[in-house]
Amino acid sequence: MGFGNFNNASYPSNCDDNNPYDQSQVSNLVSLLENEWPTLACPRNNGTKLWAHEWNKHGTCSESALDQHGYFQANLDLKKKANLLQALKKQDFDFFYFVQQWPGSYCDTKKSCCYPTSGKPAADFGIHGLWPNFNNGSYPSDCDPNNPYDQSQILDLIGCMEAEWPTLSCPSNNGTKFWAHEWNKHGTCFESVLDQRDYFQATLNLKEKVDLLQALKLAGIEPNGTFYKLDNIRDAIKNGIGYTPGITCNVDASGHSQLHEIYLCVDTCVSNFVECSLFPKGRCSSEVEFPSF
């Protein structure tokens, strides 16, 4: 149950006697209310008296912002979020790596690349994945072969996925194989908390929170084939987003070390970036190229 309060510990109550609880306004929520907001009062009853009390005493004091349906739905949403956070805290891993890759460094290797069927991606860091990890450097993977990637669960996210999580593998394809790999290998290892849609949505949300390219450009580090000190790249990202990144490199067709992937650490609630307790082995030179795309 949710109460509106003042900072001095007092609270408003019974604010509108002319707007009493009306169960017809929450008829589609009754089964959820019975499960998540049950009454324990005697004699045994269906909960209506409890819900009426909560609306009449507390809900009416926020009725200008939330009508009756909105009030009860908001409380149910908060309960769901609390359950999610508790479940995440119990997961058998210590943190997530949120990994983004620079497309120019993927494409100028001897292996080369193929643009997805949706067209050439933007010249920006793209998502590689969200991976649960242990503090000892190991990680769970391929945790449930009985729950394979199912694109029908994320149809409303496909446009964002194509833009923010593009594939560059050959032959040219629509990204399904890449996203399936990420879910099957990594997402299934915390599927009891995040279903497929939630996994991809949470990862997209993390991408919205950080702009790696902007952080680098503000420090004068541009993707134009110039070589930069690795420490300067790391410092630019930390100054721009507030957290120290892990950096991995690959080599271009000429054998030059180049900036490839950026690792950021995320708490087990999949909501906040945190300082990494462990960084991936980067195989980077002290100076690396930042190629164009």
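In the predicted model, H186 is buried, because its relative accessibility of 4% falls under the 20% limit for that class. The residue is found in the loop between helix 6 and helix 7, the latter spanning 196-209. Not counting residues up to four places away in sequence, H186 touches L130, W131, P132, H181 and Y199.

H186 is also one of the positions at which UniProt, in an unreviewed entry, places the feature "active site", together with H128 and E182. Although these positions are spread over 59 residues of sequence, they cluster in space, the largest C-alpha distance among them being 11.4 Å. From this set, H128, E182 and H186 are taken in by the lining of the second largest pocket.

E182, another of the annotated positions, is located in helix 6, which comprises residues 176-185. With a relative accessibility of 1%, E182 likewise counts as buried. Its contacts, when residues up to four places away in sequence are not counted, are H128, G129, W131, W165, G187 and Y199. Among these partners is H128, itself a position of the UniProt feature.

Turning to charged side chains, the structure holds 4 salt bridges. One of these is formed by the side chains of D124 and K207, at an N to O distance of 3.6 Å. D124 lies in the loop between helix 4 (103-107) and strand 2 (126-133), whereas K207 belongs to helix 7, so the pair ties together parts of the chain that are 83 residues apart in sequence. D124 counts as partly exposed at 27% relative accessibility, while K207 is buried, with a relative accessible area of 9%.

K207 also forms a salt bridge with E164, for which the closest N and O atoms are 3.0 Å apart. This pair again links distant parts of the chain, with K207 in helix 7 and E164 in helix 5, 43 residues apart. E164 is partly exposed, its relative accessible area being 29%. Through these pairings, D124, E164 and K207 are linked in a network of salt bridges.

A further salt bridge is found where the side chains of D156 and R197 meet, with an N to O distance of 2.4 Å. Because D156 lies in the loop between strand 2 and helix 5 (158-164) and R197 lies in helix 7, the pair ties together parts that are 41 residues apart in sequence. D156 counts as exposed at 51% relative accessibility, as the class begins over 50%, whereas R197 is partly exposed with a relative accessible area of 28%.

A separate site is that of N224, which lies in the loop between helix 8 (212-218) and strand 3 (226-229). N224 is partly exposed, with a relative accessible area of 46%, and its side chain makes a polar contact of 2.6 Å with the side chain of T226. Leaving aside neighbours within four places in sequence, N224 is in contact with F290, P291 and S292. By contrast, the C-alpha atoms of N224 and S271, which are 47 residues apart along the chain, are separated by 33 Å.

Note on methods: Residues numbered from 1 in each chain as written. Predicted model: local features only at pLDDT ≥ 70, side-chain atom pairs only at ≥ 80, totals over all residues. Heavy atoms only, no water. UniProt positions renumbered as here; feature names shortened; annotations may be inferred. 1 Å grid on protein atoms, 1.4 Å probe; cavity = no way out; pocket = protein on both sides within 12 Å on 5 of 7 lines; lining within 4 Å. Helix = DSSP H or I, 4+ residues; strand = E, 2+ residues; numbered from the N terminus. Buried < 20%, exposed > 50% of the residue type's maximum accessible area, 1.4 Å probe, protein only. Contact = heavy atoms within 4.5 Å. Polar contact = N/O pair within 3.5 Å; in protein donor to acceptor, adjacent residues only side chain to side chain.
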